[in-house]
Amino acid sequence: MNHPQAALSRVDLVFDLFDADGSGVLEANDFEIMARRVVEAAPQSDEDAKEAMTAAFRRYWKNLAAELDDDRNGRIDRSEYENSVLSPELFESTIDEFARSLARLGDPDGDGMIERHVFTALMSAIGFERQNIETLFDALKPDRDDRISVSNWVVSIKDFYRPDAADIPGDHLVSSAG
């Protein structure tokens, strides 16, 4: 399958973000670091939402390791990641859990809406650039109270991980694609 350049750029960006300790490989500890950062960026969220987010990061790592760590050394290098992650069927349920957990964390009052400052804090904790976060938020069409819907964000997150997706709001997170 021929993937859009934006999708390939998203794959590279996600690898770099998930490599939270900057070691050049993905390891379980990277996902613990990322989970801690994201949970700390949502102090207003309840403990259940924080635990769900941490569990989603852990499951994400376990699924990646099970599918991509061919030599079972507890590390996934860039080539292992890039060669396999372009098969979305391997990670669909993992991405769904991740997207729903992140959106839940961003909606502490449960009204189905995410305020810009909460969105920005969470996305910054993941490691995205501030300017790109702001552009993405605007692309998700905030309401007059400067909020986006949880459901719209969940769809956007899932689209971000689809290698066949092109011209999606999430492309604004990739400097070269936005």
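Helix H2 (residues 28-40) packs on helix H6 (residues 116-126) in this predicted model. Helices here are DSSP runs of H or I with at least four residues, numbered from the N terminus. The angle is about 160 degrees, with the axes 8 Å apart. Axes are lines fitted to C-alpha atoms over the stretch in contact, and angles run from 0 to 180 degrees between N-to-C directions. That makes H2 roughly antiparallel to H6, a term for angles over 145 degrees.

Met-34, Arg-37 and Val-38 of H2 meet Leu-122, Ala-125 and Ile-126 of H6; contact means heavy atoms within 4.5 Å. Five of the residues in this contact are nonpolar, none is polar and one is charged.

| Pair | Angle | Axis separation |
|---|---|---|
| H2 and H6 | about 160 degrees | 8 Å |
| H5 and H8 | about 145 degrees | 9 Å |

From H5, residues including Ile-95, Phe-98 and Leu-102 meet H8 residues, among them Val-150, Trp-153 and Ile-157. This contact has nine nonpolar, no polar and three charged residues.

The largest nonpolar core has 53 residues. Such a core joins buried nonpolar residues through side-chain atoms within 4.5 Å, buried being under 20% relative accessible area with a 1.4 Å probe. Phe-18, Val-38, Tyr-81, Phe-119 and Trp-153 touch the most other members. H3 gives the largest share, nine residues. Beyond four places in sequence, Phe-18 contacts residues including Phe-31, Met-34, Phe-57 and Tyr-81.

Residues are numbered from 1 along each chain as its sequence is written. Local features need pLDDT of at least 70, side-chain atom pairs 80 or more, while totals for chains, interfaces and linings use all residues, and side-chain values use heavy atoms, without hydrogens or water.

Technical notes. Helices (H or I, at least four residues) and strands (E, at least two) are DSSP runs, numbered from the N terminus. Angles under 35 degrees count as roughly parallel, over 145 as roughly antiparallel, 65 to 115 as roughly perpendicular and the rest as oblique. Ala, Val, Leu, Ile, Met, Phe, Trp, Tyr, Cys and Pro count as nonpolar, Asp, Glu, Lys and Arg as charged, and the others, Gly among them, as polar. Buried means under 20% relative accessible area, exposed over 50%, partly exposed in between (1.4 Å probe, protein chains only).
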